[in-house]
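Welcome! Below is a short briefing on strands and how they pair into sheets. Have a look at the structure, then read on.

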Amino acid sequence: MDHGIEKTSGIGSGSTLPGTTRVRFRERQLLRASDLNAEQSYLITTRRRHNIGQHGWGIVSGLELTRTPAGIEVQPGYAVDGYGRELIVAAPLLIPPDSFNALKQKRLDVWLFYDLVEANVPQRGAWNCGPGRNTRNRERASIRLTRAPVVSKSDGAQASRTPAEVPVEDLPFPPSRTSPDDPASEWPVYLGRIRRSKKRAIYRKSPRAYASLSGELLSAVSGTARMQVGSELESDTRRFAVSVANASGQWNERLAIDNEGNTVITGNTTIKSRAEETPGEDTAAILANAAGELRSGQLRLRENKDPNAGVEAEEIEPLCARSGMMTGEKPGSARMVHFESLAAEPAAAAPWNVYRTSVTQDKSTLRQLRFEIGHPGDKGDPKLSMLAFGARGGLTNDFLPLLTISADCTVRIDRDLEVLGELSQGPILPDPSDPDFTALIANQWAEGTAVGQATAAPVTIQGIVQDPNAAVIPGARVEVRHNATKVRGSAVTNIEGNFSVSGLAEGNNTVRVSAPNFITRAEIIGFTAGETRTIEITLTPTRGTIRGTVVDLSGARLPGVLVVIQNLDTGEEGSRETLDEGQFTLLGMPPARYRATTNAVGLVFQEGVLVAGGTLNFTLGPTPP
């Protein structure tokens with residue numbers, strides 16, 4: 001007697017659920033038509049469960065709409081509807097030419113659906129005839145034309161995946177249910193849209209519904225590579241990953257993309273040169289065809305590891321992991337970009353490319369990393385082509401250029417320049433062939449001339465310095481420099497913001513005004529001998545930074561929380577989402593009163609004042625009871 005525990009198929013102890021019934025054949029068994037029908041039904045249902053369980057319904061291959069001399073045809077192909085039923089078109093199907101007139105519509109949608117018709121084959125002996133007495137059922141695919149609604153592209157794509165003939169409860173149809181065999185249960189497959197015209201046009205951008213593959217992990221037969229697509233585990237943030245096995249069989253991820261779109265590449269990655277694929281093509285031609293691509297073997301992505309550490313000291317890098325997991329490193333951080341040198345300097349211009357090369361100058365080899373911008377030549381203004389370095393800031397997160405280099409060789413610094421080392425001009429030797437020496441002599445002569453001019457007919461500049469709100473700025477420094485001779489004069493604004501600089505020479509002078517917490521302003525003004533000029537100068541306050549942290553009741557930092565920042569002086573608003581450490585930052589903010597608001601932690605708001613050039617810190621947490 002067997003005293004073991006009976007197997008169950010339900011979730012409760014001893015409970016069972018109805019399963020799929022199949023025929024069990026025995027020797028000398030009397031076979032009936034119902035037995036053979038049950039066997040056939042079992043095989044059909046199993047195949048259809050696979051079609052919609054491990055695959056998504058839609059077009060598998062072919063079924064294109066093409067224009068022929070006879071009209072528009074549906075080419076041979078194969079599709080599966082949402083119930084798992086196969087739709088096979090073995091020969092081209094002609095769409096009736098009078099369909100547009102019959103439906104009184106200029107645009108028609110073409111659908112393919114499952115059909116089942118009675119059929120008979122010749123056989124010997126007596127057999128009953130009439131309805132329901134057929135010896136075969138023929139599965140076939142039929143075409144249906146419908147009036148095309150006017151919808152957007154996104155709505156059209158959605159409509160192609162949700163046919164109106166399918167009940168809502170069947171969208172989607174799970175493989176655990178039994179597929180209906182009755183063609184009255186329709187699930188049309190969308191093939192595209194056609195339009196009545198002289199050429200009977202076909203919409204090539206129609207959102208055709210294609211079949212897909214369902215699954216999470218795809219493994220190679222060799223067992224040395226696998227690809228992950230998505231994950232059901234909430235802790236696994238990967239949405240795409242490619243792994244390879246090493247000699248010992250351990251898996252190492254080489255490429256990963258997480259649910260936030262961050263891409264991480266582990267290991268040395270080389271972007272090969274097209275020259276390796278097409279021998280004989282020169283580097284200039286390669287660069288000329290680059291057009292926004294990373295090319296020519298210039299770029300390598302490498303792991304940022306300690307070169308002095310041994311192999312045993314290496315740690316597994318956290319690919320697409322949240323901060324705090326594994327080593328605590330943020331996704332995509334601590335990586336290096338290494339440019340490999342070209343075989344030779346480009347023989348022609350290579351605009352809008354970044355590359356590394358070596359050139360010979362004065363019998364020495366210079367290694368250069370070049371950011372080459374394009375010069376428009378005679379077809380445009382070179383000042384409009386530039387290389388810009390900057391950061392994003394402000395409530396609207398606009399790009400703020402800090403350093404720009406134009407194609408006309410103009411270098412501009414848009415913020416304060418802090419020199420940690422020395423910034424000086426080298427000594428000028430008494431060499432008549434040196435342009436700097438001749439310029440020095442000319443400047444000395446012009447300076448003496450300007451001093452004489454200033455003595456004979458001095459120029460005076462006076463005025464007021466204020467902010468954009470017309471408030472005076474006391475203590476601002478006004479410097480005036482004669483452009484030809486470098487002769488200088490200066491003054492400091494009084495408590496009323498007024499200044500006056502006298503004893504200047506005629507000609508072009510650069511007036512430079514600076515004040516603490518304001519952006520320095522400089523402009524060139526031309527004077528005539530003996531002139532007194534009165535001007536108004538407006539300085540813009542330097543911008544500051546707003547930083548903040550969002551925490552919960554325990555003080556833990558909260559990532560992914562939306563924080564709204566409002567300028568209370570202007571009413572302008574912007575928002576930021578907190579990063580992994582619960583922090584948010586806004587750069588380039590003008591001085592004003594600000595309010596920070598977030599509903600995620602129950603805080604109504606928090607306000608503060610940002611001064612020029614300063615930093616305003618917010619800590620947003622739950623309102624204390």
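Two strands pair if DSSP finds at least two bridges between them. Helices (H or I, at least four residues) and strands (E, at least two) are DSSP runs, numbered from the N terminus. This is a predicted model, in which local features need pLDDT of at least 70, side-chain atom pairs count only at pLDDT 80 or more, and totals for chains, interfaces and linings use all residues. Residues are numbered from 1 along each chain as its sequence is written, while side-chain values use heavy atoms, with hydrogens and water left out.

**The five-stranded sheet**

- Five strands form an open sheet in the order E13-E14-E15-E16-E17, and their pairing is antiparallel.
- At the edges sit strand E13 (217-219) and strand E17 (263-265), each of which pairs on one side only.
- From one strand to the next, the twist averages 15 degrees (axes are lines fitted to C-alpha atoms, for helices over the stretch in contact, and angles run from 0 to 180 degrees between N-to-C directions).
- Strand E16 (residues 251-258) runs antiparallel to E17, and three bridges join the two.
- Within this pair, Ile257 stands opposite Thr263 in E17.

**The three-stranded sheet**

- Another open sheet has three strands in the order E36-E33-E39, this time with mixed pairing.
- Its edge strands are E36 (583-589) and E39 (615-620), and each pairs on one side only.
- The twist here averages 15 degrees from one strand to the next.
- Five bridges link strand E33 (residues 544-550) with E36 in the antiparallel sense.
- Gly544 stands opposite Met589 in E36.
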